[in-house]
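Here are my notes on the model, point by point. Please read them with the structure open.

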Amino acid sequence: MKKRLFIKTYGCQMNVYDSARIAELLTPLGYEAATGPEGADLVILNTCHIRDKAVEKMFSELGTIRRLKHAQERHGGRMVVAVGGCVAQAEGAEILERAPFVDIVFGPQAYHRLPEMVARAATERVLDTSFPAEPKFDYLPETSATPGVSAFLAVQEGCDKFCTFCVVPYTRGAEYSRPAAEIIAEARRLADSGAREITLLGQNVNAYHGLSPKGGVWGLGELIGALAGIPGLARLRYTTSHPKDVDDALIAAHRDIAELMPYLHLPVQSGSDRVLAAMNRRHTADQYRRTVERLRRARPDIALSSDFIVGFPGESEADFRATTDLVRDIGFAQAFSFKYSPRPGTPAANAADQIPEPVKADRLAILQALLHEQQQAFNQACVGEVLPVLFEKPGRHPGQLVGRSPYLQSIHAEAPAERIGDIVPLTIRAALPNSLAGAIAPQSPSLDGVAA
Ligand code: 5AD
Ligand code: SF4
């Protein structure tokens, strides 16, 4: 009998990848994806703990699930409720205590044991937030689901950097790099099933140092070099990187490998050396500027994206100005910025000099206005240009498709559905706040005979 599975995913792309793997893992047990929690046999919340009121948000979501579960039970049905991801890792038994209707709590490194946990849940409540000695990847089935045009592939997990604001080293555990042969095999399967683009994922993806097929160790640059030859794969990306781990091989990959897209998400967090030191980021603002210069020399059109935290404990007006100065110096194509949010158990949460909320809000508004201006300028500069766009899916309006430029801009254009999966030259007609409008460019003689 088919059973219905609903997974709600919060947070980063790694959680999106994990949710897809969890769904695959449960398919042999008869679970099929449901579009909502109503009537589901198994509901999984894959949670995120990085910022804000993650715990409260999760408990409020669980309130809704509890009502559905009880309604189902009144009709003789049964709903198994599981909480996974980083809040599960951080809160563990506390969740079972506060939410008696939750059947399973599991951490991000334990989800390969879900089939067994689901079976056990018939008779007992299950908690598994262990960090197993053997990586979960060894126990996951091969990817089987059909990927989209653009697929994720986890190559590295966990983090050993211990930035003082961040929960990741505690929730995801120590750094682990998958062996390159395993990654290449997964990438081939994705390409064979129709993926044209793969984004390599890791909490600290450019700290990748995996076993090479010949027995040595590869960094991310070498891994990208090996993946670039896979038939069908037209584009490679990777996220998220740490400035300190941008090495020569990775910069060379941006220069030499056509499949590697000219876009890099390289979080800097702050432009103040004092704040960077207090964050334990292990680099200065000038070292970041120099890294960007080297990347731009290797790949002049590379578009940069970043993450910023404002209102980190002790951040002065001068520190904040150093951040806006850095933003002006670099010029970002896109960026994410956040108010510092104290995370329980991290060193900065206990710092005495916390910044008042209104100051954080003011600084965030100033920074976001500046970043928004830069994003607009970057998008506006593309108007009139022809960009190769990989069409991924139907757009919002009939007859439209959406895809991405090399610089990760979302672009929509009128195009027939059979062009999904193709890389098509589009003339950019207009820059909207979060996307571009394009039109299929007339075939120029120089493009004739060039395979997509
Ligand atoms: N407060 C605010 N932002 C945070 N981030 C991580 N931890 C915190 C925190 N405690 C941001 C960082 C990171 C991004 C994924 O989330 O900018 O790069
Ligand atoms: Fe968190 Fe990234 Fe710092 Fe690791 S490098 S602790 S994941 S912010």
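1. Glutamine 269 places a side-chain N or O atom 2.6 Å from an oxygen atom of ligand 1. That is a polar contact (a pair of N or O atoms within 3.5 Å; within protein, one must be able to donate a hydrogen and the other to accept it, and residues adjacent in sequence count only if both atoms are side-chain atoms). Arginine 51 has a polar side-chain atom 2.5 Å from an oxygen atom of ligand 1. Serine 341 uses its backbone: a polar atom there is 2.8 Å from a nitrogen atom of the ligand. Ligand 1 exposes 400 Å² when taken alone, and the protein buries 87% of that. Areas are from the Shrake-Rupley method with a 1.4 Å probe.

2. A word on the basis: this is a predicted model, where local features need pLDDT of at least 70, side-chain atom pairs count only at pLDDT 80 or more, and totals for chains, interfaces and linings use all residues. Residues are numbered from 1 along each chain as its sequence is written, chains are lettered from A and ligands numbered from 1 in the order in which they are written, and side-chain values use heavy atoms, with hydrogens and water left out.

3. Which residues are around ligand 1? They are Ile50, Arg51, Phe165, Gln269, Asp307, Ile309, Phe338, Lys339, Tyr340, Ser341 and Arg343. A residue counts here if one of its heavy atoms lies within 4 Å. By class, the shell has five nonpolar, two polar and four charged residues. Strand S15 (303-310) and strand S16 (334-339) are the elements that give two or more residues to the shell. Strands are DSSP runs (E, at least two residues); helices are H or I runs of at least four.

4. Cysteine 86 is buried, at 9% relative accessibility. Cysteine 382 is buried too, at 7%. Buried means under 20% relative accessible area, exposed over 50%, and partly exposed in between (1.4 Å probe, protein chains only).

5. Check the backbone. Most residues other than glycine have a negative phi, and most peptide bonds are trans. The bond from threonine 239 to threonine 240 is cis, with omega near 0 degrees. Threonine 240 sits in the loop between strand S13 (235-239) and helix H9 (248-256).

6. Phenylalanine 162 has a positive phi of about 55 degrees. Phenylalanine 162 is partly exposed, at 37%. Arginine 282 also has a positive phi, about 70 degrees. Its loop runs between helix H10 (273-278) and helix H11 (285-298).

Key. Ala, Val, Leu, Ile, Met, Phe, Trp, Tyr, Cys and Pro count as nonpolar, Asp, Glu, Lys and Arg as charged, and the others, Gly among them, as polar.
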